[in-house]
Amino acid sequence: MQLAARARNIGASPTLAMNARAKEMVQQGIDVLSFTVGEPDFDTPIHIAETGIEAIKDGFTRYTPAAGIPELKEAICTKLKRDNNLEYEPSDVVVSNGAKHSIYNALQALIEDGDEVIIPAPYWVSYTEMVKLNGGIPIVIPTMADNGFKLTPEQLEEKLTDRTKAIFINSPNNPTGAVYAKKELESLASILVPRGIVIIADEVYEKLLYDGAVFTSVASLGPDVKEHTVTINGVSKTYAMTGWRIGYAAAPRALARAMANIQSHATSSPNSIAQLAATAALTGDQAPVQKMLAEFARRRELMVTKINTIPGMSCRKPEGAFYVFADVADLFGRTIRGQQINNSTDLAELLLSEAHVALVPGAAFGLDEFIRFSYATSTDVIERGLARVKNVLAEAQ
Ligand SMILES: *Cc1c(COP(=O)(O)O)cnc(C)c1O
């Protein structure tokens, strides 16, 4: 059977591959400590979960309108106004099966064969593959730690062509935690908007901010920016609801309508029960979010401090999300237990086999000199896992 070129040209998620190897080792009885997790390790707050249970008991178990139920779309508009100073109407909002699905719908509605999409690296692993699946060409621009892993206007201008259709801006960023300041977003937008380039603003980590970092929603910069932006968000990261699969997009009306039409043929509506639970999440008590954030903040301190005591590794303090992106370039060319480390994948494989610690190599995010640690795990795992890493790396020759 001959598969379509689009299927042949994409790979499996490298984060999932590392996870699969770690799981195999666990099945063999090996005590693997994992820092690969891309989701909060907390339970969904109980008032949200109970809304889902009630929805089932009440028989709220049928198809809904393709773009989402009116009460959730209203709740999203209220949230965007309250938190992000954004004015959207329910018809500008499309609810999907996770923010990932919202991004996919946006690309389906926007990208023609050969269109270029700018992706600052390091990037979330699915951006490049989703662009390719839609016939687009990912134009990856590596950012630098010295710039806080943020794309500069100069870097952006160098890569623009008459085929540039869209750009991803992910702030706070996965994997670096970088948060773009309002001024930085304004400089980028002042280049993008006059050229009619669409900004795909992935804001799923907006609530996970540390040390007084301030989040600015791209579309809030002004009406002309808003006209060129599709705002992507969801409940997965903020409310520990990854398995419920609810994300949403807010976009200029014509784009929103196209995305809703595409979705109606691809998947019909998002899950009815999860939509009611998501409504409860957005409209209900926000205290659980602050509680989770406080715990993430403690773990972040611990992790950053420990990583910076490991010879050969260093990291900056991330401003947001729940990842640390550590520089490991000093270890390249060195040898541990007869294995030479030439890149981030070598290092991740070595740490898995020798330290029984699972990590995602920076190569998966488009920057090879780094490695990603997630701190969506217990302080016990952080302490024991980093001690193991330190011990094995002490043998580097
Ligand atoms: C987790 C994540 C998402 C989407 O999550 P969903 O569960 O699909 O809502 C989107 N972007 C980034 C950068 C993420 O890390």
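Where does Phe 149 lie? Phe 149 is found in the loop between strand 4 (137-142) and helix 7 (153-159). Its phi is near 60°, a positive value in a residue other than glycine. Helices (H or I, at least four residues) and strands (E, at least two) are DSSP runs, numbered from the N terminus.

Before we go on, a word on what you're looking at. This is a predicted model, where local features need pLDDT of at least 70 and side-chain atom pairs count only at pLDDT 80 or more, while totals for chains, interfaces and linings use all residues. Residues are numbered from 1 along each chain as its sequence is written, and side-chain values use heavy atoms, with hydrogens and water left out.

The contact (heavy atoms within 4.5 Å) takes 36 residues from domain 1 and 33 residues from domain 2.

The size of an interface is often given as the accessible area lost when the parts come together. Here the area buried between domain 1 and domain 2 is about 2800 Å², and carbon and sulfur atoms give 66% of it. Buried area is the accessible area (1.4 Å probe) that two parts lose on being put together, summed over both. Which residues of domain 1 lose the most area to domain 2? They are Arg 316, Glu 319 and Phe 365, together 21% of what that side buries.

Across this interface the rule finds one salt bridge, meaning a side-chain nitrogen of Lys or Arg within 4 Å of a carboxyl oxygen of Asp or Glu. There are also 12 residue pairs in polar contact across the interface of domain 1 and domain 2 (both at pLDDT 80 or more). A polar contact is a pair of N or O atoms within 3.5 Å; within protein, one must be able to donate a hydrogen and the other to accept it, and residues adjacent in sequence count only if both atoms are side-chain atoms.

On the side of domain 1 that touches domain 2, the elements giving two or more residues are helix 2 (14-27), helix 12 (287-307), strand 9 (323-327) and strand 14 (370-374). Helix 12 gives the largest share, seven residues.

**Salt bridges**

By the same rule, the count comes to 23 salt bridges. One of them joins the side chains of Asp 31 and Arg 384 (3.8 Å, N to O). Asp 31 lies in the loop between helix 2 and strand 1 (33-34) and Arg 384 in helix 14 (residues 379-393), so the pair ties together parts that are 353 residues apart in sequence. Arg 300 and Asp 211 form a salt bridge too, with the closest N and O atoms 2.9 Å apart.

**Around the ligand**

There are 13 residues around the ligand (a heavy atom within 4 Å), and Asp 202, Tyr 205, Ser 236, Lys 237 and Arg 245 come nearest.

| Residue | Atom | Distance |
|---|---|---|
| Ala 99 | backbone N or O atom | 2.7 Å from a ligand oxygen atom |
| Tyr 205 | polar side-chain atom | 2.6 Å from a ligand oxygen atom |
| Arg 245 | polar side-chain atom | 2.7 Å from a ligand oxygen atom |

**Two cis peptide bonds**

A cis peptide bond joins Ser 171 and Pro 172, with omega about -10°. Pro 172 sits in the loop between strand 5 (164-170) and helix 8 (182-192). The bond from Asn 174 to Pro 175 is cis as well, with omega near 20°, and Pro 175 lies in the loop between strand 5 and helix 8.
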